[in-house]
Amino acid sequence: MTDTGAADGTGSGAEEHRAGWFELFFDLVFVVTVSVLAHGLHGNPGPGDFGRFLVLFFPAWWAWVNLTLTVNLFGSASARVQGMLLAAMPALGLMAAASPAGTEERAWAYALGAAWVRWVLFLIWFRHARRPDSPLPLWRPLLYCLVPAALWAVSAALPGAWRFVVWGVAIALEMALLAIRAGLGTAPYERMSVEHVVERIGLFVVIVLGESVFTVVATFEEHFTAASGVAALFSFVVAAELAMIFFVWGTGNAERGLSRAQSGRATQVIRDTVMYLPFVLVCGITVIAAALGTAVAEPHHVLPPGARWALCGGVLAFYSANAAISTRYGDGLRNVLRWYVPCLVLTPGMLLPAVLLLPAWGAVACAAALVFLLAKLSRWHTRSRAEAG
């Protein structure tokens, strides 16, 4: 449901509480992006592989979340906004296709894709800033969209490490503008549809969880043995429990927390819990998925070092992101620590010895038991708080 302003692409998107079919179609390109980037972490990834994953995944995430918030504010019903989203999809597809060598010989293509996305964002926001009644100054879209677009485009022609320096400058500029907020005020945050944001981030998490399920099933198809089947079964339990934690507990908490932050004009809380911390969460799920695929492929062998780091680090990243989000939403530190401390204790005390000593299927079974235990603990704590309230 949209108002007149949202329908013409210029007004508030606060009344559009559901993601439309067009946004779901737009997300298809991220299915490919996550799959391509996650593939580079299979087997025995080293520090360079993890670094490359982060360097390439964050710009893609940043493009997605900026486009999502833009649609949240302006709606996706107008032909103009739909046309802009269609124009952004090939750019994101270019970034995905360049990702396997996105820090090497295809870095130029990845950079041009990132520049292309920012140019689309500039066209949407600059048109809004030019309206006589707009509170947004013209310099905001120029600095936040057009200048970074130019930096990404220029980096495509630069050699070696200089290219990545420019990438960092472009992203740092955008982050600095979000932190400063000069000329922005609280108007965009007040117009934001909380339900839509929570749903869109939830759909992105579905994409990442879908990658884990796809990886497990596809690897099991290639290694169709009893041991691989056991590893696949426990891998599915891990993915299912992570999904249950996020959708049963996390989304409800997010909607309540964002609503409180919006009513209190806590713009930094909204920024952190929408744009930054979910990235840590989805990274955790992605590296877990890569480790699970490795375990299904070679269930009788001890996980290689890179897969061990991925499994243990992914669990810690997932729960650390949830703990940070809960804290930013105003949950008491003592309440958060009641379920977060067991994760900090059991991951090195229970899961780490398992990945070092047990065959891969046994390590995944231990991960399933750990995630199941932590899920039960968080649900019990949430229910106890609700009954006490």
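Is C283 buried or exposed? Select C283 to find out: with a relative accessible area of 9%, this residue is buried (buried means under 20% relative accessible area, exposed over 50%, partly exposed in between, with a 1.4 Å probe and protein chains only).

Before moving on, note that this is a predicted model, where local features need pLDDT of at least 70, side-chain atom pairs count only at pLDDT 80 or more, and totals for chains, interfaces and linings use all residues. Residues are numbered from 1 along each chain as its sequence is written, and side-chain values use heavy atoms, leaving out hydrogens and water.

The structure holds zero disulfides (a disulfide is a pair of cysteine sulfur atoms within 2.5 Å).

Next, select residues 47-74, helix 4, and residues 79-98, helix 5 (helices are DSSP runs of H or I, at least four residues, numbered from the N terminus). They pack at an angle of about 175°, with axes 11 Å apart (axes are lines fitted to C-alpha atoms over the stretch in contact, and angles run from 0 to 180 degrees between N-to-C directions). Helix 4 is therefore roughly antiparallel to helix 5 (over 145 degrees). Show the side chains in this contact (heavy atoms within 4.5 Å), including L67 of helix 4 and L85 of helix 5.

Last stop: R265, in the loop between helix 11 (226-263) and helix 12 (267-297). R265 is exposed, at 55% relative accessible area, and its phi is near 55°, a positive value in a residue other than glycine.

Notes
Helix = DSSP H or I, 4+ residues; strand = E, 2+ residues; numbered from the N terminus. Parallel < 35°, antiparallel > 145°, perpendicular 65-115°, else oblique.
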